[in-house]
Amino acid sequence: MQPLKHLVMEHRLISKAVTVTKTFRDRIDTGGPIRPKQYWLLVDFWSTYADIVHHGKEEQQLFPTLLDYTKSSEFGATIDKLVEEHMYLLGYIGELRRFARPMFTGDRPARERVIQCLDKYLRLIEPHIQLEDEKLFPSVANLLPEKKLNTLAKEFKAMDERTGTKVQSYYSNLVEQLKKEV
Ligand SMILES: [Fe+2]
Ligand SMILES: [Fe+2]
């Protein structure tokens, strides 16, 4: 698969998970029932799929390759911003883990912290994806030669296989399952 298509496909799954997470957030806010198992599956999606599988490809492969091909300060600034946002997103996931247990034992401040974290995550992830889809990725296609794009495609496939040969179908099914359950 062409490397940018691969990343855009992952963005589409992440966008589906955003919709599920919004429903989840509202359920927590209105005191609705949330099963701990669903909560942890969602946290696993954001930490494994969004951070390791997806941001891993961007940070370890795409961004360094781009920086090899351009000295543009605008590109550099955009990549710095995107990497910084990945760090913030990962930090929010850490807090979702940290406050899970007290929230499930009825601690109201912990529940508020979880809601705040989900809000921060959701506010950041959508414009982040939009910036990559609309600004960064179209420039990549113009900047990188065909040979380099093919190498990236192979690297992306190898990274998925290192995580697990069925990583894409597993997380796609997970989001569908949560969509039905939440
Ligand atoms: Fe990103
Ligand atoms: Fe991305």
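Modeller: Happy to! Let's start at Phe45, which is buried because 23 other C-beta atoms lie within 10 Å. Here "buried" means 20 or more other C-beta atoms within 10 Å of a residue's own, "exposed" means 12 or fewer, and "partly exposed" is in between, with C-beta atoms placed from the backbone. Bear in mind that this is a predicted model, in which local features need pLDDT of at least 70 and side-chain atom pairs count only at pLDDT 80 or more, while totals for chains, interfaces and linings use all residues. Residues are numbered from 1 along each chain as its sequence is written, and chains are lettered from A and ligands numbered from 1 in the order in which they are written.

Phe45 sits in helix H2; helices (H or I, at least four residues) and strands (E, at least two) are DSSP runs, numbered from the N terminus. Setting aside neighbours within four places in sequence, Phe45 contacts Ala17, Ala50, Tyr171, Leu174 and Val175, a contact being two C-beta atoms, placed from the backbone, within 7 Å. Phe45 and Gln168 are 123 residues apart along the chain, yet their C-alpha atoms are separated by 11 Å. Val175 in turn touches Leu13, Lys16, Ala17, Val20 and Phe45, again not counting residues up to four places away.

These residues lead us to the core. The largest nonpolar core has 23 residues, and those with the most contacts inside it are Ala17, Phe45, Val114 and Val175. A nonpolar core is a set of buried Ala, Val, Leu, Ile, Met, Phe, Trp, Tyr and Cys residues joined through C-beta atoms within 7 Å. H1, H2, H3, H5 and helix H7 (167-181) each give two or more residues to this core, with the largest share, six residues, coming from H2. A second, separate core of nine residues includes Leu7, Val140, Leu144 and Phe156. In soluble globular proteins, nonpolar side chains tend to be buried together.

Now for H2 as a whole. Its 34 residues reach 46 Å from the first C-alpha to the last, close to the 50 Å expected at 1.5 Å a residue; the expected span is 1.5 Å times one less than the number of residues. H2 bends by about 40° at His55, where the bend is the angle between axes fitted to the seven residues ending at a position and the seven starting there. His55 is also among the buried residues of H2, along with Leu42, Trp46, Tyr49, Ala50 and others. The cover over the buried residues of H2 includes H1, H3, H5, H6 and H7.

Beyond its sequence neighbours within four places, Val43 contacts Ile93, Leu96 and Arg97; the C-alpha atoms of Val43 and Arg97 are 7.5 Å apart, although 54 residues separate them along the chain. Tyr39, another H2 residue, is partly exposed with 19 other C-beta atoms within 10 Å. Leaving out neighbours within four places, Tyr39 is in contact with Ile34 and Ala100.

Two of the helices around H2 deserve a word. H1 has 27 residues that should span 39 Å, and its end C-alpha atoms are 38 Å apart, which agrees. Ala17, Leu13 and Val20 are among the buried residues of H1, and H2, H5, helix H6 (146-163) and H7 are included in what covers them. Just after H1, Gly31 takes a positive phi of about 75°. The 36 residues of helix H5 (residues 108-143) should span 52 Å, in agreement with the 50 Å between its end C-alpha atoms. H5 bends by about 35° at Leu136, with Pro138 following within four residues. The buried residues of H5, which include Val114 and Val140, pack against H1, H2, helix H3 (73-98) and helix H4 (100-104).

Stepping back, the protein has seven helices and zero strands. Its radius of gyration is 17 Å, close to the 16 Å from the globule rule for 182 residues, so the protein is as compact as a globular protein of that length. That radius is taken over C-alpha atoms, and the rule is 2.2 Å times the number of residues to the power 0.38.
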